[in-house]
Amino acid sequence: MDWQRAPAPAAPESKGTPITEPLRIARDQHPVSRSNISPGTLKVLYSLRDAGHEAYMVGGGVRDLLAGLRPKDFDVATSAHPEEVKRLFRSCRLVGRRFLIAHVRMGDEIIEVTTFRGPITDSHERDETGRILSDNIYGTLESDAFRRDFTINALYYDIRDFAIVDFAGGMDDMRLGRLRLIGDPELRYREDPVRMLRAVRIANKLRFALADDTAAPIRHLSPLLREIPPARLFDEVLKIFLSRDAWANLEGLRRHGLFIHLLPLTDEALEADDPVATALLRHALENTAARLAADQPVTPAFLFAAMLWPAYAKRIELLVRKQGHAPPVAQAQAAEEVVAHQQLRIAIPKRFSLPMREIWSLQPRFDNRRGARAKRLLAHPRFRAAYDFLVLRGQAGEPGAAELAHWWAQAQGGEPPPPPAPLPPTAADEAPASPAKRRRRRGGRRRRKPSGPEGGE
Ligand code: ATP
Ligand code: MG
């Protein structure tokens, strides 16, 4: 072990004596620097400390900084109870039903502050699959650590002396490039099946490998995803696909048998090995990644329009060819059916499903290039998104789409769309992930935490 033990600062004392002696990595033994922590997070940590509470930065913030990445957001764990947190900060909202979380606003940042969770006991209400339903007991730093999902997500940055506190071997896993669940993997996945999705996403984000025992149970437990409320899955799916690792995440989810439970129609299209459908999804996800890298906006409406397009197009064809429906009728019915089927798994809010359907319904109108109709289409409020989707169809090699996109580019008086960029090799073509391949990404603009309920069990 490279990390050295350092004594814990004397006051304030943690409630309860730790059963497991944690490793403390002193500030001069780790690279997490205050200059890389957001000003709002530091303010929250200092305020909690000055009010006599324990306060730590934890989770993705510590993990990503240790990996040399820019954290998406910062989470704080504290001994202060939610009402005490609320009293300390002017702009603070308590959210969550099963477990109260404080969202503290500092300028344009929202810092999630959670009170130490108590240990899992038999008194926790569970459903028949083992999923935890009630959870409202507070605990100590130690009990909080063992409630977290992966060892590298249970590293605590102590605002008193800037040391990192490690109860679960996270520093070793960090060094080894390994993502490992804390405790018995099967039990932990049963407590909260979303951890299976987090495993794939976080491993890809860090270019880490899943520990064997963390990976092994996923396939046979994957059906447990069906127990998760569709609204929570929507949030998770956005984190998975509105990401720079979107395509690797899709491949990872398919490899572990998870994808079919999220987007069954998309999985079916990919399983059919239709090269155009595969290319469309690949380009859509790679375009998303490129837009995120360039700090351009991305929308779930476009993402889902692409994900469900192969199923939608296939359904239209069937309704026209086999059942003799007129194309506009077939389009409306196909959209209805595909969306209804998808909503059973993932609750796509109307503010995204409606524009998604509009992107679809505008596609046939690109065939009509004459006079007034073309002008009307150009003036349509959703023209740009629909046009981008046409470009995507062209990139994917849909017959005639590239040529149409070219015509509409000129009709807008702009540059024709670029020829499809060569796609990077898939994960399957690459060597197994190693920590040496981690990217460095630091500084730049910070993104705000989305307003929906985050993580948690
Ligand atoms: P990112 O912010 O990059 O998505 P993250 O690990 O910070 O990754 P959050 O959803 O912000 O993810 O969660 C913050 C922390 O809360 C995690 O690092 C982990 O310690 C804990 N956590 C989140 N979800 C779970 C879960 N399902 N089970 C146990 N602990 C969790
Ligand atoms: Mg986070």
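Asn153 is buried in this predicted model, with a relative accessible area of 3%. That value falls under the 20% limit, so the residue counts as buried. Asn153 sits in the loop that runs between helix H4 (141-147) and strand E7 (155-158). The side chain of Asn153 takes part in a polar contact of 2.8 Å with the side chain of Arg63, and in another, of 2.9 Å, with the side chain of Asp149. Apart from neighbours within four places in sequence, the residues in contact with Asn153 are Val58, Gly59, Arg63, Arg148, Arg198 and Ile202.

**Ligand 1**

Arg63 belongs, with Asp192, Arg195, Arg201 and Lys205, to the residues that come nearest among the 21 around ligand 1.

| Residue | Protein atom (N or O) | Ligand 1 atom | Distance |
|---|---|---|---|
| Asp149 | backbone | nitrogen | 3.3 Å |
| Arg195 | side chain | nitrogen | 2.8 Å |
| Arg198 | side chain | oxygen | 3.0 Å |

Taken alone, ligand 1 exposes 580 Å², and the protein buries 95% of that area. By class, the shell around ligand 1 consists of 16 charged and five polar residues, with no nonpolar ones. Helix H2 (60-66), helix H7 (194-206) and helix H10 (230-241) each contribute at least two residues to the shell. H7 gives the largest share, four residues.

**Magnesium site**

Ligand 2 is a magnesium ion, and its protein donors are Asp73 (OD) and Asp75 (OD). These donors lie 2.2 to 2.7 Å from the ion. Asp73 and Asp75 are both buried.

Asn249 is placed in helix H11 (residues 246-255). Is Asn249 buried or exposed? Asn249 is buried, because its relative accessible area is 1%, and the limit for a buried residue is under 20%. Not counting residues up to four places away in sequence, Asn249 touches Val200, Arg201, Asn204, Ile240 and Ser243. One of these, Arg201, is also listed among the residues that come nearest to ligand 1. Asn249 and Phe259 are 10 residues apart along the chain, and 9.5 Å separates their C-alpha atoms.

Ala209 lies in strand E10 (residues 209-210). With a relative accessible area of 36%, Ala209 is partly exposed, because this class covers values between the 20% limit for buried and the 50% limit for exposed residues. Leaving aside neighbours within four places in sequence, Ala209 makes contact with Gly177, Arg178 and Leu179. Arg180 is 29 residues from Ala209 in sequence, and the C-alpha atoms of the two are 8.9 Å apart.

**Helix H13**

Helix H13 (residues 264-271) is mostly covered, with six of its eight residues buried. The buried residues of H13 are Pro264, Leu265, Thr266, Asp267, Ala269 and Leu270. Which elements cover the buried residues of H13? The cover includes H11, helix H12 (259-262), helix H14 (275-293), helix H15 (300-321) and helix H16 (327-343). H11 is the helix in which Asn249 is placed. After H13 comes Asp273, which has a positive phi, near 60°.

Key
Residues numbered from 1 in each chain as written. Chains lettered and ligands numbered in written order. Predicted model: local features only at pLDDT ≥ 70, side-chain atom pairs only at ≥ 80, totals over all residues. Heavy atoms only, no water. Donors = N, O, S within 2.8 Å, 3.2 Å for Na, K, Ca; no water. Buried < 20%, exposed > 50% of the residue type's maximum accessible area, 1.4 Å probe, protein only. Near = heavy atom within 4 Å. Polar contact = N/O pair within 3.5 Å; in protein donor to acceptor, adjacent residues only side chain to side chain. Areas by Shrake-Rupley, 256 points an atom, 1.4 Å probe, with all protein chains shown as cover. Nonpolar A, V, L, I, M, F, W, Y, C, P; charged D, E, K, R; others polar. Contact = heavy atoms within 4.5 Å.
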